[in-house]
Amino acid sequence: MAVIAQSVGRIRLRPRVPVRIWFPAALVALFILAAILGPFIDPYHGTQTDVVDRLLTPGSKLSTGGTAWLGTDQVGRPMLAQLLAGARVSLIVAGATVLIGGTVGLVLGLLAGYFRGWIDSIIMRLGDIQLAFPSILLAILIAGVLGPSVANVILTLAITRWIVFARVVRASALVASRRESVEGAKVVGVPNLRILRRYVLPEAIGPMLVVATVQVGQMVIAEASLSFLGLGVPVSQASWGSTISNGRDYLNTAWWIATFPGLAMVLLVVSVGILGDALHHRTDIAVSL
Amino acid sequence: MNTETRANGSLEGNGLTRRDFVRFTGIGIGGTALLGLAGCGMTKSTSTSTGGTATSGGSASTTLKAAFERPIISLDPHGAADVDEATLLASRHIFDTLVTRTGSTLAPSIATKWDQPDPNTWVFHLRDGVKFHDGSALTASDVKASLEQLARSNTPQASLWASLASVEAGDPQTVTIKTKTPLGTMLSNLTLLFVTPAAKLTDSSFFNNPVGSGPFKVSSFTASEHLNLDVNPEYWGAAPKLKTLQFPYIPETSARLTSLKTGAVDVTWSIPPDQMSAMTSTSGVKVVSTPSYVYYFNWFNCGRAPFNDVRVRQAMWHAIDVKTIVGKLFGDSAEVMNAPIPSTVFGYAAQQPYDYNPDKAKSLLTAAGHPDGFSTTLMWSTGIAPQIRSLAEAFNTYWGKIGVKVELQELEQAAWLTRLLALDWDMDLQNNSVTTGDADYSLGRLYTTAANRMGYSNPTLDKDLSDARSSTDQTERKKLYADACKIIWNDAVGIFPLQINAAYGVRDSVQGFVPAPNNQPMFTDVTA
């Protein structure tokens, strides 16, 4: 009786796409749009300071006639433009790092999981060494030798992150390689590359995408951390991390300098995280079928 | 399964039972209470260790904590850090000098009296009964060893003693210093000569825990982290009122200012101009400032193109609206400079300011062969001076308007210092303090051809500076330094935008604190 009551209670109409998916997705899309269009609508010039307009509160009028919707920083640069320029840097770095690190990790993970043996050992030990090495030190080294730039940030982060992808792909590849279909293909004489492409890769893509989504959020934070420490983008370029760093002495007086990039980062990373979670649920169901 | 009632009377499946609910609530309340008690206990113990708030009827504490913006990297007063503000501050409390500066006069310290039998000879008579912290007596041989060590070292202070001929310790209480040419700055140089035990000068680890003869002795020191001092009860001079003096290093400005507000430290400096209003409006804290010897400057590497042409340097200066920048960025905390040294220093002479004139700047550039501008770099060290990055960025905007593209390079301290001393830079932005209050310390030390600190070489200037150093006639020295100021200013060896007030944040309970113009206050007469 109680069982029937419970099943009746559970039948309800579900919306096509739940709120917890389309809302974060919309936010992420908004950020991407802002990053693409922003620098055209409200360009940021890192070298255009105007000390007359310094430390203006959000909504104040600039001496050049415009309005500083989100205030100005300590040398008079508008915060809105910095936010948009920083969005571009964050998304480019996160995207490129995940792409490069992901590709390298995918290839190496497939090789390690499929061929096993000494290839697996070498790749995994390399990864262990990498993980044991503090990424901040590597960032300092690269920034010191090559100088700060967006390309160097991507290089630093990709070097330290490929192992995350490689491990996940390797796990899938190990499972997939043991399938009877793969054994059969080997017996028939299908070349290894074809096996990898047709049998193993589809298995690995699912978990890989989930990890990639989570890593995008992580890379946004990592880039901001490096820029906060001065090891990321050069002085004249805006990044959320360097903007927060600029504003950290002014938390009591000009809170808007550090707060808005911080909020933007939180929104972006949390949205990406929720999306990754939703993706995880979907791919999980697919895998277990 | 689901329809069975559970033993505790719950009809739900595996939901929270009443027993579990009570259990968890009890743990929660108990845990919170424990944490609260622990927290109260901790705050009570920290507040007693910092001397507490001044609620208990005005009993002054004997422990004082002071935090300032630079780390103490070394306690060696004759080493590579011998002009570093932090090392000088520590040295003044741990060691003694022959003479000290009080205001604009020089007073006896270890040396009770001195005379000059001839222009190249100075005889100093030392005080009796001065002991080092380990009990050994301070004698003339310690003074001799310390000065010889300093003069032959390859450190920034050594060039002050270029004309030293010999130091003799005739008897334990007399030191005779002979120079090759008369040294007019003998006494002010001696305010930076800290006397260390002769026996320990060869011990490389001595300065990790040094002994001196000063009002405080070292109880614990970790470079770039903290320095703790205890009072020296055997001090020959007036005993300090404090029993313990601590210098923790707090690198983040906001953390340092917050420590002052909460009472975790009692004194801090410098207060950046932008945070000044927040500090003055905080109860329990006051800001004391004084015109200082500290100034900012932007050197040009005069040995490198395009800055080897004086017209280019002058153009760079005319391109900047110094008055607006300094007024907006620093407000009341700084004044626009009109000489290469601050107006508080002996030897200062006002010069003709460079007016803000971008057109003149462009025509100077064209005359020098750069009609379309050029590209160059500017470097500075992170955190070396309040708001230095904003200053660099503001300059950059004005330079961009005359077609000069500048790449801004913010470097970490060690990397910046290496490049600075190797002359591997185009423009260098930094601050400096004329520590002795005498123009020889800055002009005479930095702008000679021999010093080669920015590739500028001018024989007339060299003669002015060496004459001024060797003269003991203060009027004549003033005239010579006035000429030196004019040469350096008109040749635009650097841009000298501002001299900043020394601003100290002090808790209300601190008595007897005197703001020092060189960012190195003394704590011997202070109570917390």
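In this structure, 21 residues of chain B are in contact with 19 residues of chain A, where contact means that the C-beta atoms of two residues, placed from the backbone, lie within 7 Å. The model is predicted, and local features need pLDDT of at least 70, side-chain atom pairs count only at pLDDT 80 or more, while totals for chains, interfaces and linings use all residues. Residues are numbered from 1 along each chain as its sequence is written, and chains are lettered from A and ligands numbered from 1 in the order in which they are written.

**Where chain B touches chain A**

- The elements giving two or more residues to this side of chain B are α5 (253-262), α8 (322-330), α10 (388-401) and β16 (405-411) of chain B; helices (H or I, at least four residues) and strands (E, at least two) are DSSP runs, numbered from the N terminus.
- The largest share, six residues, comes from α10(B).
- By class, the side of chain B that touches chain A has six nonpolar, eleven polar and four charged residues, where Ala, Val, Leu, Ile, Met, Phe, Trp, Tyr, Cys and Pro count as nonpolar, Asp, Glu, Lys and Arg as charged, and the others, Gly among them, as polar.

**Two helices of chain A**

- The axes of helix α2 (residues 19-41) and helix α3 (residues 79-115) of chain A come within 8 Å and cross at roughly 120 degrees; axes are lines fitted to C-alpha atoms, for helices over the stretch in contact, and angles run from 0 to 180 degrees between N-to-C directions.
- α2(A) and α3(A) are therefore oblique to each other, since angles under 35 degrees count as roughly parallel, over 145 as roughly antiparallel, 65 to 115 as roughly perpendicular and the rest as oblique.
- Among the residues making the contact are A:Phe31 and A:Ile32 of α2(A), and A:Leu84 and A:Arg88 of α3(A).

**A sheet in chain B**

- An open sheet of four strands runs in the order β4-β5-β7-β6 (chain B), with antiparallel pairing; two strands pair if DSSP finds at least two bridges between them.
- The edge strands, each pairing on one side only, are β4 (111-118) and β6 (164-171) of chain B.
- Helix α3 (residues 140-152) of chain B packs on the sheet, touching β5, β6 and β7 (174-179) of chain B, and its direction makes about 165 degrees with that of β6(B).

**Domains of chain B**

- Chain B is divided into domain 1 (4-30 + 93-212) and domain 2 (34-70 + 249-528), with bounds that come from an automatic or database domain assignment.
- The C-alpha centres of domain 1 and domain 2 of chain B lie 23 Å apart.
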